Amino acid sequence: MGRPNFGGFGGGANMQQLMRQAQKMQQQMQEAQERLEEAEYEATAGGGMVSVKVSGKRELTSITIDPQVVDPDDIEMLQDLVMAAVNEALRKGEEARETAMNRMAPGMGGLF
């Protein structure tokens, strides 16, 4: 009786090669994750009147507000501009993260 074939996973050499490939992929993903966390994403709102930066760790690192947009009678507009800029910067960071992870694992159907 022959040795059972488990879809190419039956041989010791094949299993070792598969493990090496998995370890290499894991290392590449870790390196990509570190690069993403070190990145910075910037967005503006109100025609550049409000500018924010967020880190790849999803932390707000900077807010710049043009004094011309500060109107004590319309604080809600300033709040909306800040919120819009922060959300856009976070969206850019998340989009970069998804792109990088999908590039690392093509064909995994949006696993990341």
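Predicted model: local features only at pLDDT ≥ 70, side-chain atom pairs only at ≥ 80, totals over all residues.
Visitor: What pattern does the chain follow, read along the sequence?

Guide: Helices (H or I, at least four residues) and strands (E, at least two) are DSSP runs, numbered from the N terminus. The chain has two helices and three strands. Read along the sequence, they give the pattern α-β-β-β-α.

Visitor: What order does the open sheet of three strands have?

Guide: Two strands pair if DSSP finds at least two bridges between them. Six bridges join β1 to β2, and five join β2 to β3; each of these pairs runs antiparallel. The order of the open sheet is therefore β1-β2-β3.

Visitor: Which strands stand at the edges, each with a single partner strand?

Guide: The open sheet has the order β1-β2-β3, with antiparallel pairing. An edge strand has a single partner, so one side of it is left without a neighbour in the sheet; the strands in that position are β1 and β3.

Visitor: In β2, which residue is the bridge partner of glutamate 42?

Guide: β1 and β2 are joined by bridges and run antiparallel. Glutamate 40 has serine 55 as its bridge partner in β2. For glutamate 42, the partner in β2 is lysine 53.

Visitor: Which residue takes a positive phi in the hairpin of β2 and β3?

Guide: The hairpin of β1 and β2 has four residues between the strands, and glycine 46 there takes a positive phi near 65 degrees. The hairpin of β2 and β3 also has four residues between the strands, and here the residue with a positive phi near 65 degrees is arginine 58.

Visitor: How many of the six residues of β2 are buried?

Guide: β2 is largely enclosed by the rest of the structure, because most of its residues are buried. Among its six residues, the number buried is five.

Visitor: How far apart are the end C-alpha atoms of helix α2?

Guide: The expected span of a helix is 1.5 Å times one less than its number of residues. Helix α2 has 30 residues (75-104), so it should span 44 Å. The model agrees, since the end C-alpha atoms are apart by 44 Å.

Visitor: Against which elements do the buried residues of α2 pack?

Guide: Leu78, Val82, Ala89 and Met101 are among the buried residues of α2. Contact means heavy atoms within 4.5 Å. The elements that the buried residues of α2 pack against are α1 (12-38), β1 (40-45), β2 (50-55) and β3 (60-65).

Visitor: At roughly what angle do the axes of α1 and α2 cross?

Guide: Axes are lines fitted to C-alpha atoms, for helices over the stretch in contact, and angles run from 0 to 180 degrees between N-to-C directions. The axes of α1 and α2 come within 10 Å and cross at roughly 165 degrees.

Methods: Residues numbered from 1 in each chain as written. Heavy atoms only, no water. Buried < 20%, exposed > 50% of the residue type's maximum accessible area, 1.4 Å probe, protein only.
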